[in-house]
Amino acid sequence: AWMHDDCTVIIASPGLRQSRIMMRMCKDFFRILGLKPRGDGDNAISLLFPNGSRIVGLPGRSDTVRGFSAVLVLVDEAAFVSDAMFHALGPMTAATNGAMWLLSTPNGAQGFFHKVWRDGGEGWERYEAPAAECARIRPEFLAREKRLRGDRRYAQEYGCDFVDNGQTYFSRDVVMAAFDPNEKPFQGL
């Protein structure tokens, strides 16, 4: 938004509160740039740049977010955004040949975030940042969290692992490994 005139950046989150948190961070960057934060006049959670570009924060409701055209759609806590919301956000980048960034910790081996991470293909770049690699997080904190939460929850929240929900006898990987892609479906007698 700062570098390109008259463009729109969308920040979407599972809920309005989370979009407000991201917009507060954007306001801090606005001030660092020497700009006075102000809204765009059309959207309750927005920032307007002097070059006509804007950042708009949206809640996680697929029925109310449609109608934007954006150069960037940033989806915060993407694993917790509904599949319907993800599908509503995608067309926003069509006319601009824009990009979509999905930021999140995993939320199990389910949903669009998991599918994009696992099967998204070359159209998606993937960056993984486990908590143990973050200099701001002390190892003592992580050790305490691992003891408190257990291996599975710790691996998901701090290790970037898409863990199964623990309610099935066989993991998804075991079930998928049982299928032979060369085998033709049974056609009956």
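**Exercise 1. Is serine 69 buried, partly exposed or exposed, and which residues does serine 69 touch?**

Before we start, a word on the model: this is a predicted structure, where local features need pLDDT of at least 70, side-chain atom pairs count only at pLDDT 80 or more, and totals for chains, interfaces and linings use all residues. Residues are numbered from 1 along each chain as its sequence is written, and side-chain values use heavy atoms, with hydrogens and water left out.

Step 1. Find the residue: serine 69 sits in the loop between S3 and S4. Helices (H or I, at least four residues) and strands (E, at least two) are DSSP runs, numbered from the N terminus.

Step 2. Apply the cut-offs: buried means under 20% relative accessible area, exposed over 50%, and partly exposed in between (1.4 Å probe, protein chains only). Serine 69 has 37% relative accessibility, so serine 69 is partly exposed.

Step 3. List the neighbors. Leaving aside residues up to four places away in sequence, serine 69 touches Thr8, Met92, Ala95 and Thr96; contact means heavy atoms within 4.5 Å. The C-alpha atoms of serine 69 and alanine 95 are 6.8 Å apart, although 26 residues separate the two along the chain.

**Exercise 2. Now do the above for serine 19: where does serine 19 lie, and is serine 19 buried or exposed?**

Step 1. Serine 19 belongs to helix H1 (residues 16–32).

Step 2. Its relative accessibility is 0%, so serine 19 counts as buried.

Step 3. Not counting residues up to four places away in sequence, serine 19 touches Ile11, Ala12, Ser13, Gly57, Leu58 and Pro59.

**Exercise 3. Describe the largest nonpolar core and say which element gives the most to this core.**

Step 1. Recall the term: a nonpolar core is a set of buried Ala, Val, Leu, Ile, Met, Phe, Trp, Tyr and Cys residues joined through side-chain atoms within 4.5 Å.

Step 2. The largest core holds 22 residues, and Ile10, Val73, Val75, Leu89, Met92 and Leu102 have the most contacts inside it.

Step 3. Two or more residues each come from S1, strand S3 (54–58), strand S4 (72–76), helix H2 (83–89), strand S5 (99–103) and helix H3 (111–119). H2 gives the most, with four residues.

Step 4. Apart from this core lies another, of 13 residues, including Met23, Ile55, Leu72 and Leu74.

**Exercise 4. Where is confidence lowest and highest in the protein chain?**

Step 1. pLDDT is the predictor's confidence in each residue, from 0 to 100. The chain averages 89, and 91% of the residues score at least 70.

Step 2. Confidence is lowest in helix H6 (residues 172–177), with a mean of 63, and highest in helix H4 (residues 139–149), at 97.
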